[in-house]
Amino acid sequence: RLFVSGIDLLDGTPVLDIKPYVPYADALPEARNDIADAAPEPIRVQWLPAALQQAQAHAERLTEPLVQLIEQCLAQDPRPAYQQPRPERRYGTRLWDVQVRWHYPEPDTICVLEVVPA
């Protein structure tokens, strides 16, 4: 079962995740996808000292490996592939009950700016 909340759907609406097959992540060895046939190279993730302290404090409170999760997620470079990030643009996402904010000081680097209550 999948329980979904916070989106504009009627009860019982089917939720579908339609995506291309990616051989490095899916489990059909005979299938192919020539567009995404290998895992992307991870992007470098760095932290402002205050952001790392915030993440460590929330990780302790949550008893979850929050710092590692943030680094693993952001290393996948979550921006759209067509987008060239400007250093002044800020990005964010919610994990558990915290908001993670970052930017790209250089196109191949993410810098975590803050990890604050959502």
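Which residue forms a salt bridge with Arg 61, and how far apart are the closest N and O atoms? The legends below treat this pair and other details of a predicted model, in which local features need pLDDT of at least 70, side-chain atom pairs count only at pLDDT 80 or more, and totals for chains, interfaces and linings use all residues. Residues are numbered from 1 along each chain as its sequence is written, and side-chain values use heavy atoms, with hydrogens and water left out.

**View 1. Asp 97 and Arg 61 form a salt bridge.** The closest N and O atoms of Asp 97 and Arg 61 are 2.9 Å apart. A salt bridge is a side-chain nitrogen of Lys or Arg within 4 Å of a carboxyl oxygen of Asp or Glu. Asp 97 lies in the loop between strand E2 (91-95) and E3, and Arg 61 lies in helix H1, 36 residues apart, so the pair links distant parts of the chain. Helices (H or I, at least four residues) and strands (E, at least two) are DSSP runs, numbered from the N terminus. Asp 97 is partly exposed, with a relative accessible area of 31%, and Arg 61 is partly exposed at 45%. Buried means under 20% relative accessible area, exposed over 50%, and partly exposed in between (1.4 Å probe, protein chains only).

**View 2. Arg 44 and Glu 106 meet in a salt bridge between two strands.** The distance from N to O is 3.8 Å. Arg 44 belongs to strand E1 and Glu 106 to strand E3 (residues 98-106), so this pair ties together parts that are 62 residues apart in sequence. Arg 44 has a relative accessible area of 47% and is partly exposed; Glu 106, at 41%, is partly exposed too. By the salt-bridge rule, the count comes to 5.

**View 3. Arg 86 and Glu 88 meet in a salt bridge.** Here the N to O distance is 3.0 Å. Arg 86 counts as partly exposed at 46% relative accessibility, whereas Glu 88 is exposed at 51%.

**View 4. Helices H1 and H2 cross.** The axes of H1 (residues 49-62) and H2 (residues 66-74) come within 8 Å and cross at roughly 120°. The two helices are therefore oblique to each other. Axes are lines fitted to C-alpha atoms, for helices over the stretch in contact, and angles run from 0 to 180 degrees between N-to-C directions. Angles under 35 degrees count as roughly parallel, over 145 as roughly antiparallel, 65 to 115 as roughly perpendicular, and the rest as oblique. On the H1 side, the contact (heavy atoms within 4.5 Å) is made by Leu 52, Ala 55, Gln 56, His 58, Ala 59 and Leu 62. On the H2 side, Leu 66, Val 67 and Ile 70 take part.

**View 5. His 58 is a buried residue of helix H1.** The relative accessibility of His 58 is 13%. Not counting residues up to four places away in sequence, His 58 touches Leu 66, Val 98, Val 115, Val 116 and Pro 117.

**View 6. Arg 94 is an exposed residue of strand E2.** The relative accessible area of Arg 94 is 53%. Arg 94 touches Gln 99 and Ala 118, not counting residues up to four places away in sequence.
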